[in-house]
Amino acid sequence: MPDVVVIGAGMVGAACAYYAAREGLSVTVVDRASVAGGTTGSGEGNVLVSDKEPGPELDLAVLSCRLWTELAAEAGEPGGFEHEPKGGLVVAESDEVLRALTELAGRQEKSGVATHRVTADELAGYEPHLAPGFAGGVFYPQDAQVQPMLAAARLVRRWPGVELRTGTEVTGLLTERGRVTGVRTGAGDIPAGAVVNAAGVWAGEAAALAGVELPIMPRRGFILVTEPLTARADGRPLVRHKVYTAAYVTNVASDSEGLETSAVVEATQAGTVLIGASRERVGFDRTVSLPVLARLARQAVGLFPVLADVRAIRAYCGFRPYCPDHLPVIGADPRVSGLYHACGHEGAGIGLAPVTGLLIARLLTGAVPELDLAPFRPDRFTGAAA
Amino acid sequence: MTRSEVAYDLAVVGAGPAGLAAAGVAARAGLRVALLDAGARVGGQYFRQPPDGFHATRPGALHHGYARFVRLRDGLGDTDVLLGHRVWAIEPAVGGGFAVHCLKGGRERAATVAATRLLIATGAHDRVLPFPGWDLPGVMTAGGAQALLKGNLVVAGRRVVVAGTGPFLLPVATSLAAAGARVVGVFEAGGRFTLAPRALTRPGKAAEALGYGRLLARHRVPYKGGRAVVAAHGDGELTHVTVARVDAEWRPYQGGHETIRCDTLAVGYGFTPQLDLVAQLGCEIGADAAGVPAARVDRHMRTSAPGVYAAGETTGVGGADLAALEGEIAGRAVVADARGVPAAAHPAAVRTEARRRRLAAFADALLRSYPVRDGWTSWLRDDTLICRCEEVPYGRVKEARDLGAADARSIKLLARPGMGWCQGRICGEAVARLAGEAPGPPRRPIAQPVRLGDLAAMNERTSDDDA
Amino acid sequence: MTGASPYRLVGARPEPGFEIRVDGRPVPVVPGQTVGAALHAAGIRTWRTTRFDGRRRGLFCGIGVCFDCLVTVNGEENLRACLTEARPGDEVTTS
Ligand SMILES: Cc1cc2nc3c(=O)[nH]c(=O)nc-3n(C[C@H](O)[C@H](O)[C@H](O)COP(=O)(O)OP(=O)(O)OC[C@H]3O[C@@H](n4cnc5c(N)ncnc54)[C@H](O)[C@@H]3O)c2cc1C
Ligand code: FES
């Protein structure tokens, strides 16, 4: 019998399994599909501190960024997951936006974020192909990139104490006197000391199996991928960092159901340019929206006019696991003992996966977590929880 | 971007036999019809024509049933024929109908065609399987060799091996031979094509098969069953292939290998319907008799999406005769639906329906006679490319499986097969089969590469309004 | 051999052709032919190298599906040679 069953082999589940096993726990990860087959396989791999307001989420992100660097160093290359600490450049369209951005950067610094102010004249030194006319920006050296599918697959496999069972759907939870004692799956029961719900955008359903409510909803995002670009004479990619406009910051924290886009543009190791992502609350609707793709293209070309002649060859969408207060759910469920949640990371589940895994492992082993988990409490949405 | 002011009653995508027939029927009935095709000339893959610049006096010499093509072409009536139009996306238009987004001409300028109804007749492309050396220059698809010949009057090579499975190998071999290539052998991995099962025998097809036999004999082309090209060799370009004797599952027999010198290999394992547009439109997709995804249609060729029809190979691989007939049926249904009368009421309906059933049964029997057998995977080596675009070898696919990729999609996410230029059109089926799955319907919201500048210029106003 | 040729087969009397330049080298074209067909007819069967392993590629599917045949025409990158009709004066470059 494993010490822990993790529901979901996405990035978050993989990180939970990794850190729990590192602490010596035996872990079984179950996924009804494949490793990284959920949102982890249909998003991007941004590990960002730049896009977060100071607060509990930024605290998570700063620590997680450091953990990503450690994980990448441990994994090495090959065998790694394309961790690339390329840094993020946020550009401001106007002096007014630049003032707001600079002010935000000042506050972020107090949370441990490194920032460099970039004047309008210096922008070209960072991004030679950036459109003229931006008022300036802020460079965030901690922003990094990973290949999330590879990262999830490799972290799950890192320790011998982890068993991965794909194609195994959790259909119920085993309980004994109000305590969760394992999971019921299509392929039989798996008794365990504890269960971690890392079922991503489906985590609400998994929680419901234990009779508790988690308000996790999908927020759709589209991503555009270009043709692979011809190698450039200077040997450097056309787009050197993660580049986006400061409008992004206001979008992330938005409650709007309508469409919002603020394209993050970046080059990938495969030679393509990724442009993403939009944000919409439209349920689990996969219907492609050309106006959304058009908008992403417009923003990318607005940032880098040379992209106008580059072709898009692919578009895909994914569903971010979204909580009403834009914070993830991390911790033991006070309503059902033996049940832990690691979900609701919205557009930051890749970036925040290591810290989430680490904190869950602390709880599972009875150690003191590095951060205060109160803002992430699973029962914070129920009226009674106050 | 240029918005077309003309709203057509029907836009037909694909000017092969199905699209030509449908457009003709609808246009002659008085509908305003646009017929779009990526090619420079009508005819599609089957009736592919050489450029006018050749002034061919016997253009039919390379085609079976050329007279029918001429009838279809000349029967287009007032159809607006929009050649050089590559459709990259179709979306339902505000207020009904559809916006068909195209890239026009060699410079790929954006254009949009508006229509009330749609017929998707986008045909099929060669189905290929990976094997060692299949990405050497000189290895081509059978359909590609045929296209080069019919469409450009260029013979693919001097010494040619034709291989794969299915009766299509025969016209490819005979036309290459007739055009001057030395065809050193036709290697059919399944059984030699003789005649279809008795109950299904069609006089026309039987004669066609005999005709190929005679032509192969005249050009002294050996035609062998139970043989497969399991490797291609050459230093930078193809110089020879390994042909193996294979068992019923396509596993090579020990020692049954021979090496054949050639500069060209034309290889094909059947066809895959082009379903990008029907998938974009949300039409229900099933599978043809070979298990390959194909659009589901009712007996009037209506798909599950209102206003969208499909005909020809889009609904399953069945050849030019069946495609033309399906186009005719679809065209009549479009006319009937546009007028609000029952489609079955047409006097020709009963006859065409019976004929279609017969042709479809024959096509299905053929598909079932020439399936792809699992033994092809035994031809692979760890360094054999599975995905040509992203250069993903078989070894990396296996590694992805070991990492926990339990299905084709996850293999793609971990090892990148299908992520490149062709978007899995070439390797998709192989990857699915390596994952132990039946190939699934495509999901390609962008059916042709489109410039970000063109994409950005699209719907400028409408999409900004909903900000 | 018979001296059979596709021209003889269809009774073609091609118009006077023109030349395009491919990496500086002249290649004859019959009006209407694609860049890929003209290259193939001139005995040039490989013109692109892949971006990872530098593998050589030319025509494979012949109908615009595989993207193996990419060329640059008059500065315009990544056009499919098998679909792109050759025009007098075209400058084709390969990578
Ligand atoms: C367009 C887009 C762009 C994004 N970009 C970024 C980015 O750049 N950086 C970033 O940090 N984040 C990004 N995200 C968000 C990020 O992808 C998610 O937050 C993250 O993937 C969540 O990981 P997860 O492991 O919680 O969920 P998932 O990856 O969805 O994993 C959940 C798993 O649980 C399984 N499961 C569910 N129910 C059951 C059950 N009953 N039984 C068994 N298995 C079950 C599923 O099959 C799935 O594999 C993006 C998201 C989108 C949509
Ligand atoms: S040869 Fe396949 S796209 Fe041109």
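Buried means under 20% relative accessible area, exposed means over 50%, and partly exposed lies in between (1.4 Å probe, protein chains only). This is a predicted model, in which local features need pLDDT of at least 70, side-chain atom pairs count only at pLDDT 80 or more, and totals for chains, interfaces and linings use all residues. Residues are numbered from 1 along each chain as its sequence is written, chains are lettered from A and ligands numbered from 1 in the order in which they are written, and side-chain values use heavy atoms, with hydrogens and water left out.

Start where chain A meets chain B. Here 42 residues of chain A are in contact (heavy atoms within 4.5 Å) with 40 residues of chain B. The two chains bury about 3400 Å² between them, 60% of it on carbon and sulfur atoms. Buried area is the accessible area (1.4 Å probe) that two parts lose on being put together, summed over both. In chain A, the residues that lose the most area to chain B are A:Leu290, A:Arg298 and A:Ile313. Together they account for 20% of what that side buries.

Polar links also cross this interface. Twelve residue pairs of chain A and chain B are in polar contact, both residues at pLDDT 80 or more. A polar contact is a pair of N or O atoms within 3.5 Å; within protein, one must be able to donate a hydrogen and the other to accept it, and residues adjacent in sequence count only if both atoms are side-chain atoms. Which elements of chain A each supply at least two residues of the side that touches chain B? They are helix H5 (148-157), strand S13 (217-226), helix H8 (290-303) and strand S17 (311-322). Helices (H or I, at least four residues) and strands (E, at least two) are DSSP runs, numbered from the N terminus. H8(A) gives the largest share of that side, eight residues. By type, the side of chain A that touches chain B divides into 25 nonpolar, eight polar and nine charged residues. Ala, Val, Leu, Ile, Met, Phe, Trp, Tyr, Cys and Pro count as nonpolar, Asp, Glu, Lys and Arg as charged, and the others, Gly among them, as polar.

Now look at S17(A). This strand pairs with strand S22 (residues 450-451) of chain B in the antiparallel sense, over two bridges. Two strands pair if DSSP finds at least two bridges between them. A:Arg311 stands opposite B:Arg451 in S22(B). B:Arg451 also forms a salt bridge with A:Asp309, the closest N and O atoms being 3.6 Å apart. A salt bridge is a side-chain nitrogen of Lys or Arg within 4 Å of a carboxyl oxygen of Asp or Glu. The rule finds two salt bridges across the interface of chain A and chain B.

Next, step inside chain A. A:Val146 lies in the loop between strand S7 (144-145) and H5 of chain A. A:Val146 counts as buried because its relative accessibility is 1%. Beyond its neighbours within four places in sequence, A:Val146 is in contact with A:Gly45, A:Val47, A:Trp68, A:Phe81, A:Glu82, A:His83 and A:Ile350. A:Val146 and A:Glu44 are 102 residues apart in sequence, but 8.4 Å apart in space, C-alpha to C-alpha.

A:Arg240 sits in another loop, between S13 and strand S14 (242-245) of chain A. Is A:Arg240 buried or exposed? A:Arg240 is buried, because its relative accessible area is 17%. Outside the four places on either side in sequence, its contacts are A:Lys86, A:Gly125, A:Tyr126, A:Glu127, A:Pro128 and A:Asp234.

Salt bridges carry the tour onward. Side chains of opposite charge can pair when their charged atoms come close. Over all chains, the whole structure holds 50 salt bridges. One of them joins B:Glu390 to C:Arg51 (3.2 Å, N to O). This pair crosses between chains, from the loop between strand S20 (385-387) and strand S21 (392-393) of chain B to the loop between strand S3 (48-49) and strand S4 (56-57) of chain C. B:Glu390 is buried at 3% relative accessible area, whereas C:Arg51 is partly exposed at 33%. A network of salt bridges links B:Asp135, B:Arg388, B:Glu391, C:Arg48, C:Asp53, C:Arg55, C:Arg57 and C:Asp68.

End with chain C itself. Chain C has two helices and seven strands. From the N terminus on, its elements run α-β-β-α-β-β-β-β-β. Of its 95 residues, 56% count as buried.
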